Amino acid sequence: MQEEGVWDMMLQGETLEAAVSLLAREMCRSSGFVRLYLFLHMKFTLNSGREQENTFAMAFYVELLGCEDMAKQSSDLQLLRSYLDCGSDRMLLLVVRGLVAVAQDPEMAAEMRDRVMLDCILGRLEHNSEELRVEALLLLRKLTAHPTGDEEAIHITVMLAEKLPLLFDDESSQVRELSIKLFGETMGTLVSGKERWMQIIIQGNLVSLLLRMNDKSESVAQASAEALLICAKILGWRKLKREVKRKRTMRIAEILVERDRDVKYHVHACLPYLRDAQCDVRLAAIKFMALQSLENDPEPRVRSLAAETLQNLETEQDQQRSRWSLRSLFCCFC
């Protein structure tokens, strides 16, 4: 604690809460008896309504709740629920972290899968705090792992399908990765995929997943490929499945265009990605729009020029990636 400067942090108002969390984390190494005593004391403090102590008590409570040998009870869930509507962003983050810890227990996770809770957590995906969005996604992955019935699974799928694609272009790579992973897991496990409404949901997000395969974050690009593969399996599109495994993005784009020649639909799907912060993603969106709008033009010269333009873009993108790889390699020896 001394080496990490925690005691000094406690003397500063802006670092006090972080220091309390670090102290609580260190206390998790203490004996089971001491941890249980502290846990029950913090639980009592939070139930007593002493607002001036709540944030510090919650920091301790959540850290101790995360200990593997700490039994999770319905009373813990009720306590955390009572703080979900608190005004403090810091307190809200701690509460959601506490819910993630409680959801480690399958029985507690099942208790949390009601519509009020799901609506509340989904609402936190729009919060301006990256940490909170990440914790909300981690919690949703816990809650959706084991649905109890078809009606519940359908409800969860529809809710997530509406919210998750909005995070595919989040500024945080961790949020992008988690949201794409959760989308793929949801599509792959919650519903059979034979329902027409689910196929419409999946097809509506294929372009986004394809474009995210060009993400500069390798984990995001990999998550996108995995989610796209799950979608291909559900749809029964063998060609798409084969090309996703090979990660041939241009061939994947051609398959999507062959399957749906609605130009307006593809342009609409690509427009948000023309403003993406990453050059490779913007290039991928441009290439896809050119592919579906020009390569099928009735005029041979237009088709030829479109193909040539796409080839030039592909070459330029490969060269850029190669330069970055060489630069990274050089830096390793610096």
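Predicted model: local features only at pLDDT ≥ 70, side-chain atom pairs only at ≥ 80, totals over all residues.

Visitor: What makes E126 and K163 a salt bridge?

Guide: Their closest N and O atoms are 2.6 Å apart. The cut-off is within 4 Å, so the pair qualifies. E126 lies in the loop between α8 and α9, and K163 in helix α10, so the pair ties together parts 37 residues apart in sequence.

Visitor: Which label does K163 get, and why?

Guide: K163 is at 21% relative accessibility. Buried needs under 20% and exposed over 50%, so K163 counts as partly exposed.

Visitor: How do you know that D276 and R212 form a salt bridge?

Guide: The N to O distance is 2.3 Å.

Visitor: Are D276 and R212 buried or exposed, and why?

Guide: D276 is at 9% relative accessibility and R212 at 1%. Buried means under 20%, so D276 counts as buried, and so does R212.

Visitor: What about R242 and E243?

Guide: Their side chains meet at 3.7 Å, N to O, which is within 4 Å, so this is a salt bridge. R242 is partly exposed at 37%. E243, at 3%, counts as buried.

Visitor: Which residues do shared partners join into one network?

Guide: R176, R212, D215 and D276.

Visitor: How many salt bridges does the rule give?

Guide: The count comes to 18.

Methods
Residues numbered from 1 in each chain as written. Heavy atoms only, no water. Helix = DSSP H or I, 4+ residues; strand = E, 2+ residues; numbered from the N terminus. Buried < 20%, exposed > 50% of the residue type's maximum accessible area, 1.4 Å probe, protein only.
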